[in-house]
Amino acid sequence: MNLYISQDTYDEVENLVEQALMASSKKAAKPYVDRLDFLQRCGNYRGSTNHIFSELVSSVKRASGRVSDKERLCYFARQDLYKLQGQIER
């Protein structure tokens, strides 16, 4: 059971989020989103970290590819990423 995320995992998550948000289509973003989902489910996270990570995956799914109001959706995804940053193990 992990209550925090490691810096290495966070760095990977940050890269995956940016790649997914910059993808030109949902299909192009799928590998990045799938990897994010895998990291969240297999990381055995608990508490706030699990909740924030789950919200991040959902917001990235919504914002990836060609969507209306992309800037706003990307903003929300980056806010969730910022929240996850607060869960890094110190």
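Start by selecting helix α1 (residues 7-22) together with helix α3 (residues 47-63), which pack at an angle of about 20° with axes 9 Å apart. Helices here are DSSP runs (H or I, at least four residues; strands would be E, at least two), numbered from the N terminus. The axes are lines fitted to C-alpha atoms, for helices over the stretch in contact, and angles run from 0 to 180 degrees between N-to-C directions. So α1 and α3 count as roughly parallel (under 35 degrees is roughly parallel, over 145 roughly antiparallel, 65 to 115 roughly perpendicular and the rest oblique). The crossing of α1 and α3 is left-handed, the term for a near helix turned anticlockwise from the far one by less than a right angle, with clockwise being right-handed.

Now show the side chains at this contact: Val 13, Val 17, Ala 20 and Leu 21 from α1, and Phe 53, Leu 56, Val 60 and Ala 63 from α3. Contact means heavy atoms within 4.5 Å. Sorted by class, α1 against α3 gives eight nonpolar residues, no polar and no charged ones. The classes go like this: Ala, Val, Leu, Ile, Met, Phe, Trp, Tyr, Cys and Pro are nonpolar, Asp, Glu, Lys and Arg are charged, and the others, Gly among them, are polar.

A word on what you're looking at: this is a predicted model, where local features need pLDDT of at least 70 and side-chain atom pairs count only at pLDDT 80 or more, while totals for chains, interfaces and linings use all residues. Residues are numbered from 1 along each chain as its sequence is written, and side-chain values use heavy atoms, with hydrogens and water left out.

Stay in α3 and click on Val 60. Val 60 is buried, at a relative accessible area of 0% (buried is under 20%, exposed over 50%, partly exposed in between, with a 1.4 Å probe and protein chains only). Which residues touch Val 60, leaving aside its neighbours within four places in sequence? They are Val 17, Ala 20, Leu 21, Val 33, Leu 36 and Ala 77. For a distance check, go from Val 60 to Ile 5: 55 residues along the chain, and 18 Å between C-alpha atoms.

Next, bring in α2 (residues 26-42). α2 packs on α3 at about 175°, with the axes 10 Å apart, which makes the two roughly antiparallel. On the α2 side, select Lys 26, Val 33, Leu 36, Asp 37, Leu 39 and Gln 40; their partners in α3 are Asn 50, Phe 53, Ser 54, Val 57, Val 60, Lys 61, Arg 62 and Ala 63. This contact of α2 with α3 divides into seven nonpolar, three polar and four charged residues.

Then move to the loop between α2 and α3, and pick Asn 44. Asn 44 isn't a glycine, but has a positive phi of about 55°. Most residues other than glycine have a negative phi. Asn 44 is partly exposed, at 33% relative accessibility.

How many aromatic pairs are there? The count is two, where rings of Phe, Tyr and Trp (its six-membered ring) pair if their centres lie within 6.5 Å, and planes under 30 degrees apart are stacked, over 60 edge-to-face and the rest tilted. One of them is Tyr 45 with Phe 53, a tilted pair at 5.6 Å centre to centre and 40° between the planes. Both Tyr 45 and Phe 53 are buried.

Now jump to the loop between α3 and α4 (70-85) and select Ser 64. Is Ser 64 buried or exposed? At 3% relative accessibility, Ser 64 counts as buried. Beyond neighbours within four places in sequence, its contacts include Ala 20, Ala 29 and Lys 70. Lys 27 is 37 residues from Ser 64 in sequence and 9.2 Å away in space, C-alpha to C-alpha; Lys 27 is exposed, at 74%.

The loop between α3 and α4 also holds Asp 69, another non-glycine with a positive phi, about 60°. Asp 69 is partly exposed, at 42%.

Finish on α4. α1 and α4 pack at about 180° with axes 11 Å apart, and are therefore roughly antiparallel. Their contact has eight nonpolar, one polar and four charged residues.
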